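This report walks through a two-chain model from overall fold to local detail. Please keep the sequence and the structure at hand while reading.

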Amino acid sequence: MTTDQDDPGVQHQVEVILLKQVASYLAIPIFVVDPQGNLVYFNERAEGLLGRRYDETGEMPMSEWSTIFVPTHEDGTPIPADELPLAIALTQHEPAHATMWIRGLDNVQHHIAVTALPLVGQHDRELGAIAVFWEHPAR
Amino acid sequence: MNVRLWGTRGSLPTPGPATRRYGGNTSCVEVTGSRSKHAIVLDAGSGIRLLGAALAPTLERVDVLLTHLHLDHIIGLGFFAALFERDLDVNIWGPASTTLALRDRLGRYLSPPLFPVRLRDLPCRLSLHDVPLGTFDLPEMQVTTALVCHPGPTVGYRLDDGQGTLAYLPDHEPALGVRRFPEACRWTSGHDLAAAADLLIHDAQYARDEYQSHVGWGHSSVHQAVAFAELAGVRHLVPFHHDPAHNDEYLDALYQQYAEDACELQITPAQEGARFEVRGTRSRSTSTPS
């Protein structure tokens, strides 16, 4: 894991900075990844799903976040990393949606819907992808 | 490089005796190197008219770098004498939108009914460029651009002539939405443009207590400009884009507070006509207008 303090020299693109500001005010869980798939931000509501505060985890490479939360299909089979909505948005540059289970770092299971979109900035720059989560009521 | 301020006012030209010292013309800054054949002009506010009248006769090329197309930053363009010089190469650089090129965007202002002369009818050798994001070279100067936090497509500029670095962010609200400003460098708009600059010309439109009623308008308070400059490790800050409601007396009092605070950052509030010499580890004000 890396934190802002570890790599302070490279500033995020302004669209990503503004997206973080918006996400920090919204009451729906949001995940933001950069073009390499590194998790660069998740908001306070997402912290509740992931079981860890953003300030504690910092930024996280795709290889880590795609498995650490143990995403599984409804039937309990694991979802391969490249089939996750965020990975599809990032690599295939198209929206993706799925319903799945994840396990937070606090070992709490969550039944969630995930919608991911590619982030395209001014000059058609590829800035990464965003995922919005929706937690289904416990059943 | 040599820097001269021709327009320091934000939002609206504000002429008159009450703004005589800090100036009433809107954003325009001249940057020159050692050669007398080339000039860079940062923004085309109303200050550009006087700059145009003072251009060296030996000039062969002018590059006008627009940060954005709000009216106070382009209102002087049609009155810039260089555009009417047949033998002069004039390059205008500025941000495109997501759907329109710079030429189309500027043409909305420089055409009837808002202006009698169309871009295509200007006699100079005019080229318009959608400013690239990243780094490009002009004569004697490396230019770096990046989008910054301000409504609509807006860029900031970093100019480096190999001996000194100038950062220019006249309209910038890096504190927008930030709960405790400043945040980490990585999450601060404009940081990399301003990092370790010898001279930073930065938006400082509001007094500290005015910002709360202007959140989202795209500007900073003096306090935020100072915090931003300190975060970026800038050596010399020139607070710029003064609010039209702030007269000389008000600005004197506002900046007196900062003069009394001992800090490593040198702060020189922008005054129309002020000149700065930017050389490596130092930048100094070489004169101020009478």
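Helices (H or I, at least four residues) and strands (E, at least two) are taken here as DSSP runs, numbered from the N terminus. In these terms chain A holds five helices and five strands, and from the N terminus on its elements follow the order α-β-β-α-α-α-α-β-β-β. The radius of gyration of chain A, taken over C-alpha atoms, is 14 Å, close to the 14 Å that the globule rule gives for 139 residues, so chain A is as compact as a globular protein of that length; the rule itself is 2.2 Å times the number of residues to the power 0.38.

This is a predicted model, in which local features need pLDDT of at least 70 and side-chain atom pairs count only at pLDDT 80 or more, whereas totals for chains, interfaces and linings use all residues. Residues are numbered from 1 along each chain as its sequence is written, and chains are lettered from A and ligands numbered from 1 in the order in which they are written.

**Chain A**

The C-alpha trace of chain A spans about 45 × 30 × 25 Å along its principal axes. A residue is called buried if 20 or more other C-beta atoms lie within 10 Å of its own, exposed if 12 or fewer, and partly exposed in between, with C-beta atoms placed from the backbone; by this criterion 37% of the 139 residues of chain A are buried.

Strands are said to pair if DSSP finds at least two bridges between them. Chain A has an open sheet of five strands in the order β2-β1-β5-β4-β3, with antiparallel pairing. Because β2 (39-42) and β3 of chain A stand at the edges with a single partner strand each, one side of each is left without a neighbour in the sheet. Between β4(A) and β5(A), which run antiparallel, there are 10 bridges, and A:Gly121 stands opposite A:Arg125 in β5(A).

Helix α5 (residues 85-92) of chain A has as its buried residues A:Pro85, A:Leu86, A:Ala87, A:Ala89 and A:Leu90. Just after α5(A), A:His93 takes a positive phi of about 55 degrees.

In the loop between β3 (96-103) and β4 (109-121) of chain A lies A:Val108, which is exposed because 12 other C-beta atoms are found within 10 Å. The C-alpha atoms of A:Val108 and A:Gly48 are separated by 9.7 Å, although these residues are 60 apart along the chain.

**Chain B**

Chain B contains an open sheet of seven strands, ordered β7-β8-β9-β10-β11-β12-β13, with mixed pairing. Its edges are β7 (134-138) and β13 (266-267) of chain B, each with a single partner strand, so one side of each is left without a neighbour in the sheet. Two strand pairs of chain B are set out below.

| Strand pair | Sense | Bridges | Residues facing each other |
|---|---|---|---|
| β10 (residues 165-169) and β11 (residues 199-203) of chain B | parallel | four | B:Leu166 and B:Leu199 |
| β1 (residues 2-7) and β14 of chain B | antiparallel | three | B:Arg4 and B:Arg275 |

**Between the chains**

Two residues are in contact if their C-beta atoms, placed from the backbone, lie within 7 Å. The contact takes 17 residues from chain B and 15 residues from chain A.
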